[in-house]
Amino acid sequence: MHRLLPDPGRCAVVGVLNVTPDSFFDGGRYLDVDDALEHGEAMWRAGADLIDVGGESTRPGAARVDADTEISRILPVIKELAGAGVGVSVDTTRAAVAEAALAAGAIIVNDVSGGLADPDMARTVADAGVPFILMHWRGHSANMDTLAEYRDVVADVRDELAQRVDAALAAGVARDAIVIDPGLGFAKRAEHNWTLLRRLDVLRDMGFPVLIGASRKRFLGSLLAAEDGTPRSPDGREQATAAISALVAAAGAWGVRVHDVESSLDAVTVASALSDEEAP
Ligand code: PMM
C-alpha cells in the first residue's frame with residue numbers, strides 16, 4: 001500500500017466535505033470557509049481517516065463550474081485543514097485543480113472520472129507521486145443518467161475501470177498508488193448499484209484497494225421509499241448508509257466515502273471485529 005494511503009487496520013472511513021452550493025446532500029452547508037473547516041475538523045476528530053474536499057457538485061444533472069471557481073472554493077479549506085494535520089484528498093476531475101490542491105497540502109487525488117475528463121490528470125498525479133482514486137464514470141453529470149446502459153454491469157464496469165488503470169499506469173502512476181471505485185449512482189440505476197455491491201469480489205480481484213461511495217445516494221432513497229412511492233429524503237438514509245458500510249467492509253472494501261463519519265466508523269469497526277478472531 002502506498003505510504004500516503006490510510007491503512008487503519010479496518011476499512012478506512014473517508015469523510016465528505018463538499019464546498020459547493022448544490023451537492024445533493026451537503027450542498028450550501030459548507031460554502032463558508034469557517035463552516036467547512038469546522039465540519040472537516042469535526043469529522044477528523046470523530047475518527048475519519050481522510051477528508052475528501054470537493055468544489056464542484058456531481059449530482060445528477062448538475063451544471064459545471066469553471067476551474068477558478070472550483071479552486072477558490074476549496075483552496076482556503078484545504079490549506080487550513082492540511083495545516084492542522086488533517087489528511088485531505090481533493091475530489092476533482094481537473095488537473096489544474098488537483099495541482100493547486102496538492103500544492104496547498106492535499107495528499108490524494110480523487111477523480112470521479114478516473115482520469116477520463118482531463119487528459120492531463122494522470123500525468124499530474126504521476127508527477128506529484130500521490131495516490132489516485134479512479135472512479136468508474138461515463139460522462140459529466142448533466143447527461144450521465146442517459147449513459148446507464150450495460151451489457152453486464154459488473155463486467156462492463158470492471159473492463160472500463162481496467163482501461164482507466166492502464167491509462168494511469170501508462171502515464172507513470174505507481175501501481176500501489178491506485179484505488180478503484182465502481183462509482184455508485186454515476187451512469188447507474190439502482191439495480192446497477194445493487195448488482196455491483198453484490199459482486200465486489202470481481203472488483204477486488206483486480207488487485208487494487210476498492211473505495212465505495214454509497215452515502216445517502218438515490219438508490220437508498222428508493223429502497224426506503226414510503227408506501228406511496230415517495231423516496232426517503234437524504235436525511236433519512238443514514239442508517240442504510242451505515243449498513244452498507246458494514247457490509248462492504250466485511251466484503252473487503254478498502255474504504256467507504258461517507259457524510260456521517262461516526263455511524264460508518266462504528267459500522268466498519270463491527271465488521272472488523274466479526275472478521276477478527278482475536279477481537280473481544
Ligand atoms: N460520489 C460523489 C462524489 N465523489 N468520489 C468517489 N470516489 N466515489 C463516489 O461514489 C463519489 C465521489 C457524489 O456524492 P456527494 O455529492 O455526496 O459528494
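Which residues line the largest cavity? In this predicted model, the lining is made up of Glu56, Ser57, Thr58, Ala62, Ala63, Arg64, Thr93, Val112, Trp137, His140, Ser141 and Ala142. Sorted by class, that gives five nonpolar, five polar and two charged residues. The cavity's volume comes out at about 90 Å³, and the count of cavities of 30 Å³ or more is one.

One of the lining residues, Ser57, also turns up among the contacts of Ser23. Ser23 sits in the loop that runs between strand S1 (12-18) and helix H1 (33-45). Is Ser23 buried or exposed? Its relative accessibility is 8%, so Ser23 counts as buried, the cut-off for that label being under 20%.

As for what surrounds Ser23, once neighbours within four places in sequence are set aside, the residues in contact with Ser23 are Asn18, Ser57 and Arg59. Take Arg59: along the sequence, Ser23 and Arg59 are 36 residues apart, yet their C-alpha atoms are 5.9 Å apart in space. Ser23 also has a polar contact through its side chain, with the side chain of Thr20 as the partner, at 2.7 Å.

Stepping back to the chain, an unreviewed UniProt entry carries the annotation "domain: Pterin-binding" for residues 11-269.

Note on methods:
Residues are numbered from 1 along each chain as its sequence is written. This is a predicted model: local features need pLDDT of at least 70, side-chain atom pairs count only at pLDDT 80 or more; totals for chains, interfaces and linings use all residues. Side-chain values use heavy atoms; hydrogens and water are left out. Helices (H or I, at least four residues) and strands (E, at least two) are DSSP runs, numbered from the N terminus. Buried means under 20% relative accessible area, exposed over 50%, partly exposed in between (1.4 Å probe, protein chains only). Contact means heavy atoms within 4.5 Å. A polar contact is a pair of N or O atoms within 3.5 Å; within protein, one must be able to donate a hydrogen and the other to accept it, and residues adjacent in sequence count only if both atoms are side-chain atoms. On a 1 Å grid over the protein atoms alone, a cavity is a set of points where a 1.4 Å probe fits but cannot get out, and a pocket is an open set with protein on both sides within 12 Å along at least five of seven lines; lining residues have an atom within 4 Å of a point. Grid points are joined across faces, edges and corners, and a volume is the space filled by probe spheres set on the points. Ala, Val, Leu, Ile, Met, Phe, Trp, Tyr, Cys and Pro count as nonpolar, Asp, Glu, Lys and Arg as charged, and the others, Gly among them, as polar. UniProt positions are given in the numbering used here, feature names are shortened, and annotations may be inferred rather than shown by experiment.
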